[in-house]
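Biologist: Please take a close look at the charged side chains of this model, and explain the setting of the salt bridge and of the surface patches.

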Amino acid sequence: MNPAAGTALAVLLSLVSAAGYALAAVAQSRLAAASPAQDGRGALRGLFARGQWWAAVGLNAAGALAHVAALHYGPLTLVQPLGALTLVAALPLGAYCAGRRVTRAEWRGALWTLGGLVGLVAVTGPTAPGEALSLRESLIVAAATALLIAVLASGRLYGREHGAGQAATGGRGARGLGHATASGIASGVASALTQTLTAALALELPSGTPTWWQTALLAVLISGFATGGLLLSQTAYQGGLAAPLAVVNLSNPAAAAVIGVALLGETFRAGAWGWLVAAGASLVAARGVVLLTKGSPPEAAPAPEPAPADSTRARTVALETRPVPSPRATGPAPDDTTSPALAVPDATGPDRTPALTAPEPAGPDRASALAVSGRATA
């Protein structure tokens with residue numbers, strides 16, 4: 001394949017990768033907005049039981065495969081900046097799914113973040129291709145990263161001691177950005193360990209030929225960090241889509257750059273100017289994240305169902321509003337022991353007469369009236 005065709009194919013695969021990552025991020029944010037906030041095993045079981053979650057996993061895998069294929073046909077300096085288009089593609093997709101338009105603040109934040117990310121990626125990259133971590137360095141990086149992720153995910157860096165109202169607003173957004181940072185770091189470390197595993201399989205590790213259990217340990221670490229990064233990004237999207245996605249895309253190459261500079265002898269391109277460009281690009285990207293945090297409306301969660309009416313209270317109101325029947329002019333008093341107001345005391349003695357009997361008629365009908373009264377009281 002000639003260089004021009006390879007470059008065109010790399011660009012196409014990079015765009016496919018960005019679209020796959022964008023669709024996955026939108027699916028995860030929608031799932032986070034529709035799912036109740038849970039912790040622990042209950043949250044994991046809820047995710048694994050949702051088809052939308054597995055669709056997001058498949059889209060992430062497709063994006064990763066397309067990215068790897070693009071790196072095979074094109075240079076890193078071309079493929080990595082195009083991967084930053086994930087944020088630009090996710091914004092209109094997320095707004096469309098939410099039934100709204102992208103705000104101006106979101107577009108400004110996306111452009112600032114994209115510019116900073118492109119500038120950061122442009123000056124990073126290995127100066128000596130083929131370098132990889134040794135097994136000892138891989139274990140040190142894995143242990144330090146696990147500790148950092150635990151601190152970022154615990155919430156201790158963004159104030160759990162605040163009040164309930166502040167924790168529900170600013171605390172939730174800060175927690176989402178912390179989880180997004182942890183997700184990007186986990187994914188960056190997984191990429192570095194993948195490079196080490198590739199060198200191990202090719203028997204080209206700096207520390208010598210690894211044993212089978214050392215290679216298996218690397219594979220387990222890569223799987224753990226990759227899965228952890230995916231779950232942390234799912235948690236981060238509970239606070240929105242744009243700002244967490246921007247932080248994930250920034251912290252991933254930043255973690256890889258730190259590992260390369262600290263352990264692999266890499267440096268920024270253009271020497272001292274590269275360091276200045278990287279610092280300026282980081283500030284530009286941070287400005288974009290701030291704009292996205294302030295300008296992005298929260299994801300619309302499903303409206304809670306109205307609580308059912310209290311049946312006991314309804315019966316009480318019905319009894320209170322029910323009209324009380326008036327006593328009849330003739331006949332015996334109703335035998336209702338639950339209504340003291342309608343109870344009729346019985347008279348004792350020879351003058352025992354019902355209190356609600358009709359007045360005695362005068363004349364010859366007196367006897368029949370007394371007879372009817374006697375049968376009623378018997």
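Modeller: A residue is called buried under 20% relative accessible area, exposed over 50%, and partly exposed in between. By this rule Arg100 is partly exposed, because its relative accessible area is 29%. Please keep in mind that the model is predicted.

Arg100 forms a salt bridge with Glu106, and the closest N and O atoms of the pair are 3.1 Å apart. The structure holds one salt bridge.

We may now turn to charge on the surface. A patch of positive charge is formed there by Arg104, Arg108, Arg287 and Lys294. Two elements, α6 (104–122) and α11 (272–295), each give two or more residues to this positive patch. Arg104 belongs to helix α6. With a relative accessible area of 70%, Arg104 is exposed, because this value is over the 50% limit.

The surface also carries a nonpolar patch, made of Leu139, Trp212, Trp213 and Leu217, whose accessible area together is about 490 Å². Helix α9, which spans residues 212–236, gives the most to this nonpolar patch, namely three residues. Trp213 is placed in helix α9.

Notes: Residues are numbered from 1 along each chain as its sequence is written. This is a predicted model: local features need pLDDT of at least 70, side-chain atom pairs count only at pLDDT 80 or more; totals for chains, interfaces and linings use all residues. Side-chain values use heavy atoms; hydrogens and water are left out. Patches are made of residues with over 30% relative accessible area and no salt bridge: like charges are joined within 9 Å, nonpolar side chains (Val, Leu, Ile, Met, Phe, Trp, Tyr) within 5 Å. Accessible areas come from the Shrake-Rupley method with a 1.4 Å probe; for residues, only the protein chains shown count as cover. A salt bridge is a side-chain nitrogen of Lys or Arg within 4 Å of a carboxyl oxygen of Asp or Glu. Lys and Arg count as positive and Asp and Glu as negative; His and the chain ends are not counted. The place of a charge is taken as NZ of Lys, CZ of Arg, CG of Asp or CD of Glu. Helices (H or I, at least four residues) and strands (E, at least two) are DSSP runs, numbered from the N terminus. Buried means under 20% relative accessible area, exposed over 50%, partly exposed in between (1.4 Å probe, protein chains only).
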